[in-house]
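Have the sequence and the 3D view open, and we'll stop at a few places along the way.

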Amino acid sequence: MKNFLRPFSIIFSVGLSSLLLFSSCDKKIAFYLQRFISEKKSPVNMLLVTADDSFFEEVGSTYIDSSILDEAALCARELGSSFVLSDFGYKNAVSEIDSLCEKDEPVQKREASLLGIKILFPAKKNLATDTRSPEISSKLLPFYNPTFSGQAFYAGSLSQFRENLPYSKHVFFRKSGKYLADYGFASLVSFLSVQKIQVTNGAIVLKKLGLPNGEKIDSLRLPRSDDGSILLKYPKKSWKNFDTIPFSEFYSLAKEEESLHKYLHLMDEHGLFGELNSESPLAVFDSALAAKNDFSLYVSQKRRFYMLMSAFLSGEEEKLLFDSLADESQKAFIKDSFADCRRIFSGLETKRAKLADAVRDSICYFALVADSAVDFSPSPFDSAFPETLSTFILANMIFSGDFISQIPDFASILLAFFFGIVFVIFAIRIKKEPWLLFFSLMMILLASSIMACSFVLFRLFLGFSLPLLTLFLLSLFFNFLCLRKTVNEKKLLKNSFLQCLPQSFLKKIYLSDSGILLDGQKNEASVMASSILNFKALSQLLKGNQLLAFLNYYFENQRQEINRFGGIVESYRNDEIVAIFGSPLPSEKHAELALRAAFGMKSCDISINEDIARYPRAPKPDGMSDDLYTAFFILNHNGKKISTRIGIYSSSVLAACLGSEEKKSFRIADDSWKKAIALRDAAKKYGSSGILLNGQCADYLRDECIIRRLGYFYDIHEETVYLSEILGDRQADDEKLWNYANYWNTAVDYMEKNEKSKALLMFKKLSEGRPNDKVARYFINLLGGVE
């Protein structure tokens, strides 16, 4: 429990303290994830009417005059737009909207007595349900312009409330207990005929409203983020391709209508309207301009004007005027005047028809997108979304009901706690460094995927910062512990194996489960025990350092053969070598590897005996010690040769690194090594100088070598063992040796069936074929025959 709670409590505390520092990244993450959210577009067409740098170059100004804006808005409404929004000049504007906002009932006056004295607490407005709407001081409202129906304009920028743009927007503010709304949002509220607004920390609820498609809704909830702003969901497509037309289209239309109006006045001055029997188009146009404040009258007059102009330019009026004059110059003037008027009017009708098709039944939003006229959002990741378009985006969200919710901070804390607990539970069970690193990466990826999917599928934004930061710190902490443990284990393993293994084998051990090597593992393996035949006589000839030098020479040659086949020397005892195959790295061919090493050791005997015969006949080689050279001389002088007895015991073996923290060595932790030694020593009883096996090892090697059975042996460390001896390698393909082995095993079968006479007869024949085979003579004596 201590290992579980301590790291988690430390890391979770660090992550929690970092919440405020990193939570600002969450909205940026939300903005990037929006590209994967299915797009919901308003059921009513929303049309962007954009004024860019090219427009300002065309008009030769850095701002749009209010009269031009009014003309464009009036034109859009006349051509069929259901509503017009604009940010031209209103970027820092707010409107008082307090009358629509629901307020809590005032707190009742309370009386309390203290030491007999009555204390009266006055009533106050309870605005505790909304603490997230920023307070605006009077310093930010330097003047008030009644022209725009209660809208207040800021002399400075509201950047302190807009620093999260373009991915969130403050739409509500407070001043002296009253609510003010962003101008664009207030316009939307007016357009939707909202009856009441409920403002709380969690949401802004619009009550009893009507959508542009005629649908009536009792309430519409706009969720707020932790700072009171509304998370904006920008459309997948760039706003530049989101049903846009240039503002210059409306501007040029207004200019052409103005030109037409002037030209009609010019025609009127020359009496070209004098012969009209019907109402003058010019008079209707003038009456329309005079009725701009009465929208319905303005629209009807404009439509009447275009109808009268079509009739006026149809050709009849021109013909009447033309026929009434005799002067050719006057006739030419009439003809040119009507031609110019038709050209202007035709272009005007074409442009109006094109714009009418675009804006009909749509909500037009006039937006500045010019670098020279608009300050772009301070967003570090995408300046392509100027903040002035936030009203357009918010309108699209309201009309389509497509909102993004952000869970509160405490939910993010719970989420971090949950992911942290899951991580620690599994991390403390993972011992290997690569697996822990992989698990850490997968856990962080899983947590990110879960939160991303919740955002994409349910539009619920879970705070990424705290959960991912907690997981990241936990990952660092546990990977550091695992790395430190791995380094310590490798250091212990190096101390345990460095002296007896080549570097290539050490690398394989490092990649294995070092915890098992240090704690111990039990698996099928083969233990080999070897010693020098008649070592006592050899040790009597060699004294002190001579014997040590020769033994080290002998051990080094034999160790190379053992290591070559994946064996590990477990220990050296006098002239004995104990080695293990199949541990610490398990191998299904442990018995075969031990056999190949044994053959190599037997071949090494021949090589050593050649050295004993060769070195004394020549000067001492460079690098050879005097003690070893002397040992060779003494052994050669006394006619001594080396022969190694080997026993291989295959069974389930327990092996581990044993010792203290300072010094450990890889050892066999059960009595398998004793049984291997006893098996090797049994060769002395039988008179064998070869390789002896227990029954399990013989079963493993039956297809690898030529084996003769020796029968049961009852003195292998208090265990009954069936012995076998290797006669040769099966690959030798020696038919004579095969026949000998088969004949021998048949004799053993007779002996085990208690048919002693048959067995004795066969062993005598075997002894005659191999007079130097002491094992055959052993069985002859055992059966009561004569040696």
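Is serine 651 buried or exposed? This is a predicted model, and in it serine 651 has a relative accessible area of 17%. Because the cut-off for buried is under 20%, serine 651 counts as buried. You'll find serine 651 in strand S22, which covers residues 644-659. Leaving aside neighbours within four places in sequence, serine 651 is in contact with Asn523, Glu524, Ala525 and Gln696.

Now zoom out for a moment. The protein has 27 helices and 26 strands. Of its 787 residues, 49% are buried. Take the contacts between residues at least 6 apart in sequence: 72% of them join residues at least 24 apart.

Next, look for an open sheet of 3 strands, in the order S11-S12-S13 with antiparallel pairing. Strand S11 (196-199) and strand S13 (216-223) are the edge strands, each pairing on one side only. From one strand to the next, the twist averages 15°. What holds such strands side by side? Strands of a sheet pair through backbone hydrogen bonds, either parallel or antiparallel. Here, strand S12 (residues 203-210) and S13 pair in the antiparallel sense over 7 bridges. If you want a spot to check, isoleucine 204 stands opposite leucine 222 in S13.

On to helix H8, residues 247-269, where tyrosine 251 lies. Tyrosine 251 is buried, with a relative accessible area of 13%. Not counting residues up to four places away in sequence, tyrosine 251 touches Phe55, Glu58, Val59 and Ile68. Leucine 69 is 182 residues from tyrosine 251 along the chain, yet their C-alpha atoms are separated by 8.5 Å. Helix H8 also holds both glutamate 258 and lysine 255, 3 residues apart, which is about one turn of the helix. Glutamate 258 and lysine 255 form a salt bridge, with the closest N and O atoms 4.0 Å apart. Glutamate 258 is partly exposed at 37% relative accessible area, and lysine 255 is partly exposed at 37% as well.

That pair is one of the 31 salt bridges in the structure. Another joins aspartate 182 and lysine 169, where the closest N and O atoms are 3.4 Å apart. Aspartate 182 sits in strand S10 (residues 178-182) and lysine 169 in strand S8 (residues 168-169), so this pair ties together parts that are 13 residues apart in sequence. Both partners are buried: aspartate 182 has 4% relative accessibility, and lysine 169 has 3%. Glutamate 570 and arginine 573 meet in a salt bridge too, at 3.8 Å from N to O. In this pair, glutamate 570 is buried at 7%, whereas arginine 573 is partly exposed at 21%. Elsewhere, salt bridges that share partners join Glu78, Glu257, Lys302 and Arg352 into one network.

Lysine 432 counts as partly exposed, with 28% relative accessibility. Asparagine 479 is 47 residues from lysine 432 in sequence and 9.7 Å away in space, C-alpha to C-alpha. Finally, find leucine 441 in helix H15. Together with Trp435, Leu437, Phe438, Met442 and Leu445, Leu441 forms a nonpolar patch on the surface, with about 630 Å² of accessible area together.

Conventions
Residues are numbered from 1 along each chain as its sequence is written. This is a predicted model: local features need pLDDT of at least 70, side-chain atom pairs count only at pLDDT 80 or more; totals for chains, interfaces and linings use all residues. Side-chain values use heavy atoms; hydrogens and water are left out. Buried means under 20% relative accessible area, exposed over 50%, partly exposed in between (1.4 Å probe, protein chains only). Two strands pair if DSSP finds at least two bridges between them. Helices (H or I, at least four residues) and strands (E, at least two) are DSSP runs, numbered from the N terminus. Axes are lines fitted to C-alpha atoms, for helices over the stretch in contact, and angles run from 0 to 180 degrees between N-to-C directions. Patches are made of residues with over 30% relative accessible area and no salt bridge: like charges are joined within 9 Å, nonpolar side chains (Val, Leu, Ile, Met, Phe, Trp, Tyr) within 5 Å. Accessible areas come from the Shrake-Rupley method with a 1.4 Å probe; for residues, only the protein chains shown count as cover. A salt bridge is a side-chain nitrogen of Lys or Arg within 4 Å of a carboxyl oxygen of Asp or Glu. Contact means heavy atoms within 4.5 Å.
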